[in-house]
Amino acid sequence: MLRRHFLGAAAATTLALPNLARAREKSVLCFIPFVDLSLLDPVATTATPTRNHAFMVFDTLYGLDAQFQPQPQMVQGHAVEDDGRLWRLTLRDGLRFHDGSTVTGRDCVASIRRWASRDSFGQALMAVTDELSAPDDRTILFRLRKPFPLLPAALAKASPSMCAIMPERLARTDAARQVTEIVGSGPFRFLESEHMAGARAVYARFDGYVPRADGVAGGTAGPKVVHFERVEWTVMPDVSAASGALMAGEADWWETPSPDLVALLKRNRDIRVEVKDRQGLTPILRFNCIQPPFDNAALRRAVLGAVDQSEFMQAYSSDPETWHVKLGMFCPGTPMANDVGFDRLFGKTDIARAKQAVAASGYKGEKVAFMLPMDHPVSAPIGQVGIDLFQRIGLNVDVQAVDSGTLFQRRNSREPVEKGGWSVFPSMVSGLNILDPAVTSVARANGLKGWYGWPTSEEAERLRDAWIEERDPAAQKTLAEQMQAQAWKDATFLPTGQIFQPMAWRRDIGGVLDGFVKFWNVRRV
């Protein structure tokens, strides 16, 4: 079934949008996100809209530059002593939270601990940390059991979970619960009083923010200079309405225009359409590995062996220039990407063979609760292809149509299907999420400490730990290949390909940075 059919179903109701007319005000930027911002705490969820929101409100100790290398952001710099076992980070001057308080080392220590309790890279860092403390207001001290050269890279990671620095009083919140206030030290303040779930989110420039005086704006590093007084996110699930708003000048920037409308937008001389994120996005299907039926690795492998990635990609777009297949664990074009296992995976689906593999796995017709987010412009069509595939190979699929906000919350459930749990859901993984084994959360297999689905594989974890400790690039590459081979054995997630989504914005908007949406550096020209 074609993508546009799902878009129509997802857009049954168009929201009233009284604030769009404000987009022409020079001080207001009107932005249309690809899906609603339903969760606000970047530690409590890995949802992409939350990540984008978080980089407006919160700052990080380090940022990733345009070459994905860590650079000092909130820190002025660091000193490394005792043969790499002691790191002393010094905060730069002028850091303040939105509530007026000064950012201190204690705030940073509490924030690091909260983030690291949920994030896979953070867990690896804390596993070798004997002491994390704040000797004074401007210092953060790591005392390690053994060297961890990737420490700045861990604190700089942008996705799926960034190390958001927040006041200590909030950072002491259990990471499994959302914080009660959204207070950061980033370039924008979140205006909670104007937030309407399912409709809009509003941000104001933080007058107390002091950008770095050095470096070049790129990635999440460098000076974060804000040129707008307000940024208004307006949720528009009706893609025709979103397109019309952009073309009429009622909106400034559309995060992910529908592929069906890209050609129309490109013909408008007042609109620029461009792919800014060359790492792309990887739509996946994620299995629940702790509940039947997908607690059975043999069944997961049977499903994986039936996948033709091109079927999924054609549901997203009929233009092959906008997608790529033969995708494994790591982002294509990056050092760890490899083709291990492709000789027997992701070819044309052999239904008869797949049915035999499903039967041989011991599957007895248990219900498969498939969460399908109907409002999501990518996950909806990808999920529907998955549902069709599952049914064709003999699985008993119970389609549970939800909105993205419901999916983001329900995927936390570890209950059986009969008690409101789930079996599988479609999701999107940013290319930043799969750069290497250190940041690839979907490949973690550390049980209940891991990402939704909670798989356990001692061998996958051993290989990852070895990669983090290895410094030789050739040896790292070999370990990455072994990790990919192990991933096909464990079959904890199903990669469906790589897509390249263009953004669309009015030509009087300049300074749009490469990568995911960022709202500093952007200005009206």
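**Entry 1: terms and model**

I count helices (H or I, at least four residues) and strands (E, at least two) as DSSP runs, numbered from the N terminus. The model I am reading is predicted.

**Entry 2: the whole chain**

I began with the secondary structure and found 15 helices and 22 strands in the protein chain. Next I looked up the radius of gyration, which is 23 Å. The globule rule gives 24 Å for 525 residues, and the value for the chain is close to that, so I note the chain as being as compact as a globular protein of that length. Taken along the principal axes, the box filled by the C-alpha atoms is roughly 65 × 60 × 45 Å.

I then asked how much of the chain is buried. Of the 525 residues, 61% are buried.

For charges, I have 61 positive and 60 negative, and their mean positions lie 1 Å apart.

**Entry 3: cysteines**

How many disulfides does the structure hold? I found zero. Cys-108 is in no disulfide, and the nearest cysteine sulfur to it belongs to Cys-163, 8.3 Å away. The cut-off for a disulfide is a pair of cysteine sulfur atoms within 2.5 Å. I also looked up accessibility: Cys-108 has 0% relative accessibility and therefore counts as buried. Cys-331 has 1% and also counts as buried.

**Entry 4: backbone exceptions**

Most residues other than glycine have a negative phi, and most peptide bonds are trans. I looked for exceptions and noted the following.

The peptide bond from Pro-292 to Pro-293 is cis, and its omega is near 5 degrees. I place Pro-293 in the loop that runs between β13 (281-287) and α9 (297-304).

Lys-326 is not a glycine, yet it has a positive phi of about 60 degrees. Where does Lys-326 lie? I find Lys-326 in the loop between β14 (323-324) and α11 (351-360). Its relative accessible area is 39%, so I list Lys-326 as partly exposed.

Trp-454 is not a glycine either, and its positive phi is about 50 degrees. The loop that holds Trp-454 lies between β17 (424-430) and α14 (458-469). Is Trp-454 buried or exposed? With a relative accessible area of 4%, Trp-454 is buried.

**Entry 5: Phe-330**

I went back to the loop between β14 and α11, where Phe-330 is placed. Phe-330 has a relative accessible area of 2% and is therefore buried. Leaving out residues up to four places away in sequence, I list among its contacts Met-336, Ala-337 and Asn-338, together with Ile-434, Leu-435, Asp-436 and Pro-437. Phe-330 also touches Thr-440, Ala-480 and Gln-484. As a distance check, I took Val-385, 55 residues away along the chain; its C-alpha atom is separated from that of Phe-330 by 23 Å.

**Entry 6: Arg-464**

Arg-464 has its place in helix α14. Its relative accessible area is 2%, so I list this arginine as buried. Which residues does Arg-464 touch, not counting residues up to four places away in sequence? They are Ser-120, Phe-121, Ala-124, Pro-437, Ala-438, Arg-444 and Met-483. I note that Pro-437 is in the contact lists of both Phe-330 and Arg-464.

**Entry 7: Pro-283**

Pro-283 is in strand β13. At 1% relative accessibility, I count it as buried. With residues up to four places away in sequence left out, Pro-283 touches Met-313, Val-378 and Ile-382 among others. Its contacts also include Ser-427 and Met-428, and Leu-494, Pro-495, Thr-496, Gly-497 and Ile-499. The C-alpha atoms of Pro-283 and Val-239 are separated by 20 Å, and the two residues are 44 residues apart along the chain.

**Entry 8: Thr-90**

I finished with Thr-90, in strand β5 (residues 86-91). Its relative accessibility is 29%, so Thr-90 counts as partly exposed. Leaving aside neighbours within four places in sequence, I find Thr-90 in contact with Val-75, Gln-76, Gly-77 and Arg-138. Arg-177 is 87 residues from Thr-90 in sequence, and the C-alpha to C-alpha distance is 30 Å.

Key. Residues numbered from 1 in each chain as written. Predicted model: local features only at pLDDT ≥ 70, side-chain atom pairs only at ≥ 80, totals over all residues. Heavy atoms only, no water. Buried < 20%, exposed > 50% of the residue type's maximum accessible area, 1.4 Å probe, protein only. Rg over C-alpha atoms; globule rule 2.2 N^0.38 Å. Lys, Arg positive; Asp, Glu negative; His and termini not counted. Charge placed at Lys NZ, Arg CZ, Asp CG, Glu CD. Contact = heavy atoms within 4.5 Å.
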